[in-house]
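Please take the sequence and the model together, and follow the strands first, then the packing around them.

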Amino acid sequence: MAENLWNIEKIPYVGTESLRQGLGFRYYDADRVVAGKTMREWLRFGVAYWHTFEQRLVDPFGEGTASRPFDSYSDPMDRALAKIDYSFDFYTTLGVDYFCFHDRDIAPEGDTLRETNAMLDKVVDRIEEAQKATGVKLLWNTSSLFTNRRFVSGAATSPFAEIYSYAAGQVKHSLEIAKRLGAENYVFWGGREGYENLWNTDLKREQDHIARFFHMCVDYAQEIGLDAQFMLEPKPKEPTSHQYDYDAATSIAFLQSYDLADKFKLNLEGNHANLAGHTYQHEIRVARAAGMLGSLDANQGDKLLGWDLDEFPSDLYETTAVMWEVLAEGSIGPHGGLNFDAKPRRTSFTAEDLFRAHIVGMDSYAAGLLVAARMHEDGYIEDLLADRYSSFGSGIGASIEDGTATLASLEEHSLDIPQADLVAATTSDHLECVKATINNYIVDTLGRA
């Protein structure tokens, strides 16, 4: 493979001596050991092919502004093959170990599925060669079952059987590619699996259909020996008015209802969490509580705007919260990582801005890891929780937790307790001080980094 196609040298770790952010990592030191693992092992960064190499930085009110070094290729297949070379040079220059893609990101479509598969396979040949040359791995791949106009009413929830069948055939080949490229996970994102209006929607029938679709995928993965973790990615709305995988809790309930919970985990995204009215930490905690944390998409949204902006993460409070959950879990899922499902702003249009944006995201999560590790080492949150729930460690509280309490025993315990004693049983959370203490951890830890 050709090297240095971007005319940028490998991104170094430069430390925190300068306050000016440049083409170097201030916090991400890949081999630095934090809480028993290297940063590389904790974070497992991946690059999203669709945003990094396909996104032209359009918005609903303006054309694309992106300037890319492969723009000179006019033939669709030549361009697709060239972008693979540029992408792998990008991964090695940035120093990431993983990438992710949709099938329609990497190759053009033909008139039929057969023609499309043939073109896709040529590009996959190039990817396979690049993987062998660089050692860069596939965190996960997926199918684009939402972009083409045939999916206007969904794919696996489409009211049109021919569309459902086409989607199944497309995913079949995508699963074969996952096996061929050694994908560690496979993600299903229902971009248009939802409804615009309930008056013309058979909600139960559509959910039955997509559950059957997932079972067919599970069966085929077993048939071909694909050993990848299946994951469902929640998103509440946009482009449809309501998507069936609304949030972590809704997705978990769906998987449990259709006997899929032992086959799937969740791929969670920060911006999607916000669209659902949650924090990213909330979605991760819900998945953790159910044993369903699979992987993470690293991005953020503008809290003042109600749509999916896919900004690169720079909020250190949020990255600290995310990494606190990851450290508490022990990993980002069985085979998960941090995929940058993010794009530079429309005004950051140069090729160099792609590197700068990823550096910001990687540094933000490395900083969050450092802060979260110190909080875990000090046991600050653990002590808070132990103190707040201490009444369940003995007496009537212990009987509730060990299952020996009954309504009758709890009534007998409570009948003659004066109200003053009940009020005295509660204590202040000092929540403002908790938030301030977390801020203090962020400032002090990063000041020492």
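Which residue in β11 is the bridge partner of Leu268? The partner of Leu268 in β11 is Leu296. The model is a predicted one, in which local features need pLDDT of at least 70 and side-chain atom pairs count only at pLDDT 80 or more, while totals for chains, interfaces and linings use all residues. Residues are numbered from 1 along each chain as its sequence is written, and side-chain values use heavy atoms, with hydrogens and water left out.

The bridge between Leu268 and Leu296 belongs to the parallel pairing of strand β10 (residues 264-269) with strand β11 (residues 293-297), which extends over four bridges. Two strands are taken to pair if DSSP finds at least two bridges between them, and the elements themselves are DSSP runs numbered from the N terminus, with helices (H or I) of at least four residues and strands (E) of at least two. Both β10 and β11 are members of a closed barrel of eight strands, which runs β3-β4-β5-β6-β8-β10-β11-β12 with parallel pairing. Within this sheet, neighbouring strands are turned by 30° against each other on average, direction ignored; the axes behind such angles are lines fitted to C-alpha atoms, for helices over the stretch in contact, and angles run from 0 to 180 degrees between N-to-C directions.

Strand β3 (residues 45-48) pairs with β4 in the parallel sense over three bridges, and here Ala48 stands opposite Cys100 in β4. Strand β4 (residues 98-102) is joined in turn by five bridges to strand β5 (residues 137-142), the two running parallel, and the bridge partner of Cys100 in β5 is Trp140. From β5 the parallel pairing continues to strand β6 (residues 185-188) over two bridges, where Trp140 stands opposite Asn185.

How many of the five residues of β4 are buried? Five of its five residues are buried, where buried means under 20% relative accessible area, exposed over 50% and partly exposed in between (1.4 Å probe, protein chains only). In a regular strand the side chains alternate between the two faces of the sheet. In β4, Tyr98, Cys100 and His102 lie on one side and Phe99 and Phe101 on the other, and both faces are covered. Strand β5 is largely enclosed by the rest of the structure, because five of its six residues are buried.

Contact here means heavy atoms within 4.5 Å, and, not counting residues up to four places away in sequence, Ser174 touches Asp103, Asn141, Thr142, Ser143 and Tyr186.

The packing can now be taken up. In soluble globular proteins, nonpolar side chains tend to be buried together. A nonpolar core is a set of buried Ala, Val, Leu, Ile, Met, Phe, Trp, Tyr and Cys residues joined through side-chain atoms within 4.5 Å. The largest one here has 113 residues, of which Leu43, Tyr91, Leu94, Phe230 and Leu296 touch the most other members. The largest share of this core, 14 residues, comes from helix α12 (residues 351-378). Apart from it lies another core, of eight residues, among them Trp50, Cys100, Trp140 and Met231.

Rings of Phe, Tyr and Trp (its six-membered ring) pair if their centres lie within 6.5 Å, and planes under 30 degrees apart count as stacked, over 60 as edge-to-face and the rest as tilted. The rings of Trp6 and Tyr86 have centres 5.8 Å apart and planes at 90°, so this pair is edge-to-face. Since Trp6 lies in the segment before β1 (33-34) and Tyr86 in helix α3 (residues 76-94), the pair ties together parts that are 80 residues apart in sequence. Phe99 and Phe101 form a stacked pair, 6.0 Å centre to centre with 15° between the planes. One aromatic cluster includes Trp6, Tyr86, Tyr91, Phe99 and Phe101.
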